[in-house]
Amino acid sequence: MRIGFIGAGKVGFTLGKYFATHGKEVTGYYSRNTSSSSEAAEFTGTSVFETIEELVGSNDVIFLTVPDGSITSVYEQVIQYPVEGKFICHCSGALASKDAFPGIRDHGAFGYSVHPLFAVSDKYKAYEELADVFFAVEGDEEHIGEIEGMMRDLWLRYQRIDSSAKTGYHCAAAMVSNLMVGLIGQGVDILKGCGFSEDDAISAIGPLVRGNVHHILEDGLAPSLTGPLERGDAGTLRKHLDVLAGDKDKQDLYTILSKSILPIAKKKHPERDYSEIEELLGE
Ligand SMILES: NC(=O)c1ccc[n+]([C@@H]2O[C@H](COP(=O)([O-])OP(=O)(O)OC[C@H]3O[C@@H](n4cnc5c(N)ncnc54)[C@H](OP(=O)(O)O)[C@@H]3O)[C@@H](O)[C@H]2O)c1
C-alpha cells in the first residue's frame, strides 16, 4: 500500500520516517506550506506533492496529520477527488473517525483513527522512540484488519478500540499526562509553602516521582502503593487533611485520590482495618 501524508508537522515527520524505514512505501507529503513538505520529503527520502489531488491520486492510504481542528476540512478537500477503496486516517486521540470523516462511505473510502499514545516534541528524533509507543486503532470494520496488519508489519503495539470509547480513551491519556502536571504542581505548591523555591521543590521530588512511576510501570499499581493510607495510618491522614484545611481544592484532591487508592490498599491487605480511614474520607 502506498502511503501519503497531508500535513508535514511533528506527527507527519515521525510516522513517515518510521514507516519508510520499516519497509512501507511512503510516497511523500503535501502540506500548507511547501517548505514543510520539502523538509519532510528530504528527511524521509520521499517526494513533495504540489496538490492534494496529486497526493490522493498516488496513494492507497492517506494520513491527515494536520491539527485536530483542520482534519475535517482537509478531508472535505480530499473527497473532492476519486477516493474509492482508499483508506483515510487521522491521528487525533480525541476524534472518532466517523465524526472526523462524515459521509466517507458515500465516497467509497474507509476512515480510521490511528493515534500514537505519545507526545512528539522533536520531529527529527521521535521516530526512534516509536517502537515503544502504543497506538489506538479505530474505524470502519470492513478493513480494520488491514490497518491492524499494517501495524503488525511495522512492529508497532496497538489496541483496537470502539469509536464510542474514543473520548474515554483520550480522557485517560490526559489524566496520566496533562493532569499529572496538575497533581505534581499541587505538591510543589505545598512545598513552596514549606519554604522551597519552585526549582528546588521540583528537584527534591525527582527521585520520589521517578521511582514511583518506574515502579508502577514495572510492577503494577498495587505493589507500588506505599504511604500512610496503605499502612492504615489514619492519624497521619487526619494531619494531612488538617494542613490542607485552608485550601479546599487541595483538600478535595487529596481526599478524592485517597479514596481512589483505598480499594487497592484493602485488596492488598485484607487483614488490615481501614475503617477509621474510610470514616475520615467520608466513605
Ligand atoms: N504532537 C503530538 O505529540 C501528537 C501526539 C499524538 C497525536 N497527535 C495528533 O497528530 C495530528 C498532527 O499533530 P502535530 O503535532 O503533528 O501538529 P503540527 O506539528 O502542528 O503539524 C501539523 C501540520 O499540518 C499542516 N497543516 C495545517 N493545516 C493544514 C491544511 N489545511 N492543509 C495542509 N496542511 C496543513 C501544517 O503545515 P505547514 O507546516 O505546512 O504550515 C503542519 O505542518 C493531530 O491530529 C494531533 O492531535 C499529535
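A residue is called buried if 20 or more other C-beta atoms lie within 10 Å of its own, exposed if 12 or fewer do, and partly exposed in between, with C-beta atoms placed from the backbone. The model is a predicted one: local features require pLDDT of at least 70, side-chain atom pairs count only at pLDDT 80 or more, and totals for chains, interfaces and linings use all residues. Residue numbers start from 1 along each chain as its sequence is written.

Leu117 counts as partly exposed because it has 18 C-beta neighbours inside 10 Å. It sits in the loop between strand E6 (110-116) and strand E7 (134-139). Helices (H or I, at least four residues) and strands (E, at least two) are DSSP runs, numbered from the N terminus. Two residues are in contact if their C-beta atoms, placed from the backbone, lie within 7 Å. Neighbours within four places in sequence aside, Leu117 contacts Val133, Phe134, Phe135, Ala136 and Ala173. Its C-alpha atom is 9.9 Å from that of Cys91, 26 residues away along the chain.

Glu128 belongs to the loop between E6 and E7. It has 13 C-beta neighbours inside 10 Å and so counts as partly exposed.

The protein is divided into domain 1 (2-165) and domain 2 (176-280). These bounds come from an automatic or database domain assignment. The C-alpha centres of the two domains lie 40 Å apart.

A nonpolar core is a set of buried Ala, Val, Leu, Ile, Met, Phe, Trp, Tyr and Cys residues joined through C-beta atoms within 7 Å. The largest such core has 50 residues. Ile6, Ile62, Phe63, Leu64, Tyr75, Ile88 and Cys89 have the most contacts inside it. Helix H1 gives this core its largest share, five residues. In soluble globular proteins, nonpolar side chains tend to be buried together. Ile88 touches Ile62, Leu64, Tyr75, Val78, Val83, Phe101, Ile104, Ala109 and Gly111, not counting residues up to four places away in sequence.

Ile71, Val74, Tyr75 and Val78 are its buried residues. They cover an arc of only 105° around the axis, so they fall on the same side of H4. The arc is that of the directions from the helix axis to the C-beta atoms. Gly69, Ser73 and Glu76 are exposed on the other side. The cover over the buried residues includes strand E1 (2-6), helix H3 (52-58), strand E4 (61-64), strand E5 (87-90) and helix H5 (97-100).

Trp155 lies in the loop between helix H6 (144-153) and strand E8 (157-160). It has a positive phi of about 60° although it is not a glycine. Trp155 is exposed because it has 11 C-beta neighbours inside 10 Å.
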